[in-house]
Each structure stands twice: as C-alpha cells, then as structure tokens.
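Colleague: I have the model open next to the sequence. Can we go through the aromatic contacts and then the pockets?

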Amino acid sequence: MALNRLQAGRHLTQAVKILQFSYSFRSSECYSTLVFTDSKCWSNSSCIFVQKALPWNNKFPRGFYRSIAYCATNGSCGLPWTCRDPDERQLMKAATLSNFSCMRSVTTQAKAPPQARQMGALKVSMLSPGIVYEPYAPREPISFWKRWFTRNGWKRTKEDIILELKGAYAISKLRKYGYSKNKFYNEAINLYKEINTQMANGDKGLLRKTVTENMYSALKNEIKQRGTVWSHVYWELVEPVVKIRTLRARLIGVDRNDLSKVFIQLTLEFLTRQKFEAYDSNGAVVAGDKNKEVLVRDIWVFEKSLFHPGAYWRLCGRIKV
C-alpha cells in the first residue's frame with residue numbers, strides 16, 4: 001500500500017510539473033515556432049488554436065494538448081522536457097486518441113452544401129460575357145503612299161489584315177451553325193424595331209427578353225431618367241431600312257479547354273428613317289414631330305451563344321456614333 005501511494009504521488013508531482021511548464025511554454029513565442037516549423041509535427045498541430053477542452057480534462061485546451069501528446073508518443077519529434085514514463089505515455093496516448101476521435105466526429109457531422117457534394121454534376125452556365133469584345137471604332141483613312149512606303153503604314157496594314165481575318169474567322173465559324181446573312185439581317189431589323197418600340201413604351205418586362213443582363217440595366221436607367229423629363233414618347237420606324245451592314249464580327253471563348261464554348265458578337269450599322277415625338281404630363285408636345293422623318297444612324301452589337309441549346313440573338317451593346 002505504501003509503495004502504491006508513493007508511486008501515485010510521484011506521478012502526480014510529475015504531471016503537475018509538466019502542466020506548469022507547458023502553460024509557461026505556451027505563453028512564449030518559442031512554442032508556436034517549435035510546433036509550426038517542425039514538418040513532422042505540422043499535420044498533427046493544425047488545430048493548435050482550437051480552444052475546446054478535452055472531455056476528460058477541462059483544463060487542457062484541445063489543440064495545445066494534442067501537439068504535446070503527438071510529440072510525446074513519437075520519439076523522432078519528442079520534446080526534450082517530455083517524460084518517458086510508461087504510465088504518462090499511456091496518458092498522452094489517450095489524449096491523442098481522444099482528439100482524433102473528436103476531430104473525426106466533427107468532420108463526419110459537418111455536411112457540405114448540396115452543390116459541393118455534387119461537384120461531378122455541377123454545370124456553370126454563362127448567359128453572357130457582359131462586355132463588348134474589341135468594340136468597333138472607325139479607322140482613320142491613310143493614303144496609298146503612306147500605307148505602302150512607310151514603316152507606320154506597314155504596321156497599320158498589318159493591323160487591318162489581322163482585324164479582317166478575325167472577322168472572317170468568326171463568320172466562318174458562325175456559318176457552321178446555319179448562319180445566313182439575309183436571314184440574320186431580317187432578324188436584326190425586327191429586333192431593332194422591337195427594342196426601340198419597347199423603349200418608347202417603357203415596357204421593361206419584354207425588354208428583358210431581347211437584351212443581355214448588363215444592357216437591360218443600362219436601358220432601364222435610361223427609361224427612368226427619361227420619365228423625369230417626358231411623360232411618354234411616340235416612336236415609329238419608317239420601312240424599309242435605308243442601309244444595314246456588318247462592321248465587325250468577334251468570337252469570345254469562355255473555356256480554354258473546350259473551344260466549342262464560344263459567344264459571337266456581330267456589330268451592325270443601321271441607317272433608318274424614324275419619326276419621334278415627346279409629350280409632357282399634360283399631353284403637350286415638347287420635342288420632335290411625328291409628321292417628319294428623321295435620318296438616324298445607329299451602331300448596335302448583337303450577341304448569341306453557340307453552345308447553349310435554343311440560344312437567340314440579343315442586344316449586348318450600342319456604340320456611340
């Protein structure tokens with residue numbers, strides 16, 4: 001009996017010393033440096049700042065004691081102050097197992113969102129790039145002499161050829177999806193008339209279907225600002241259209257690993273005759289005259305996805321003339 005009490009007292013004294021030294025060691029910068037720079041202990045010390053107590057002893061922070069336990073039970077990275085007594089090793093080992101079981105239960109109980117659990121079936125769909133890629137700008141005329149007999153002229157010629165090749169490639173790509181110039185022009189004229197009519201009537205619901213998301217926000221703000229000046233407006237397109245032509249064609253890829261996932265943007269120039277008249281809240285004419293035709297030039301950019309089933313042309317931008 002006396003021998004058992006003596007051994008129990010010795011174990012208790014050593015445990016108290018370890019506890020006192022470990023707390024003083026934790027409060028110093030040496031502790032974090034030692035644990036986090038030791039590659040052998042790194043993976044087992046990741047929860048060092050978790051301050052949840054172990055179930056068998058509320059005085060030991062879980063992350064701190066877990067690091068001590070791992071180093072005490074592995075001689076290759078054991079701390080110099082740890083005791084090698086078998087009973088204490090069992091105590092440290094119990095602490096380690098307790099931490100691992102606790103961490104495993106937390107990992108099991110924490111469920112990821114449904115989207116994360118089904119990453120294999122997750123598909124990200126981009127409805128529009130949200131930009132006008134390489135917007136059209138008129139090229140400054142250059143003389144024949146300057147173009148072919150000066151260095152700047154050669155550079156300009158090279159740039160013009162690259163621009164033309166980009167447009168030709170985009171059109172050739174579009175032809176594989178059944179593109180017809182005359183058919184597209186008819187569709188573009190109908191869209192031009194439809195969007196202008198919706199703008200004049202302030203019909204935001206229908207407007208959302210014929211333009212992209214960013215363009216819708218811009219047009220909605222225009223309708224709101226117009227409402228502060230005019231009560232309503234009259235707009236009419238005088239057909240046929242005077243002139244329509246393609247100024248630029250560009251492809252926009254969204255996946256470098258799949259070249260078939262592209263958007264195409266066609267920049268068109270419209271030269272039309274229109275009638276316009278604006279009214280105030282009393283119905284009086286404050287701008288325009290619906291009995292007179294006005295020649296209007298617009299440059300619009302239409303966009304379509306080549307990889308979404310059932311995709312159709314929408315207005316994605318307007319270029320100021």
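**Aromatic contacts and pockets**

Colleague: Start with Phe-184: buried or exposed?

Modeller: Phe-184 counts as buried, at 3% relative accessibility. Buried means under 20% relative accessible area, exposed over 50%, and partly exposed in between, with a 1.4 Å probe and protein chains only. This is a predicted model, where local features need pLDDT of at least 70, side-chain atom pairs count only at pLDDT 80 or more, and totals for chains, interfaces and linings use all residues. Residues are numbered from 1 along each chain as its sequence is written, and side-chain values use heavy atoms, with hydrogens and water left out.

Colleague: How many aromatic pairs are there?

Modeller: The structure holds 12. Rings of Phe, Tyr and Trp (its six-membered ring) pair if their centres lie within 6.5 Å; planes under 30 degrees apart count as stacked, over 60 as edge-to-face and the rest as tilted.

Colleague: What kind of pair do Phe-184 and Trp-313 form?

Modeller: A tilted one, 4.7 Å centre to centre with 55 degrees between the planes. Phe-184 lies in helix α9 (residues 181–201) and Trp-313 in the loop between β5 (285–305) and β6 (314–319), so the pair ties together parts 129 residues apart in sequence. Helices (H or I, at least four residues) and strands (E, at least two) are DSSP runs, numbered from the N terminus. Trp-313 also counts as buried, at 5%.

Colleague: And which residues form the aromatic cluster?

Modeller: Both of those belong to one cluster, whose members include Tyr-179, Tyr-185, Phe-270 and Trp-300.

Colleague: Which residues lie nearest its centre?

Modeller: Asn-196, Met-199, Glu-222, Trp-235 and Arg-318, out of 23 lining residues. β5 gives the most to that lining, with 5 residues.

Colleague: How much space lies in the second largest pocket?

Modeller: About 340 Å³. It is lined by 15 residues, with Tyr-136, Leu-163, Glu-164, Leu-247 and Arg-248 closest to the centre. α8 (151–175) and β3 each supply at least two residues of that lining.

Methods
1 Å grid on protein atoms, 1.4 Å probe; cavity = no way out; pocket = protein on both sides within 12 Å on 5 of 7 lines; lining within 4 Å. Points joined across faces, edges and corners; volume = space filled by probe spheres on them.
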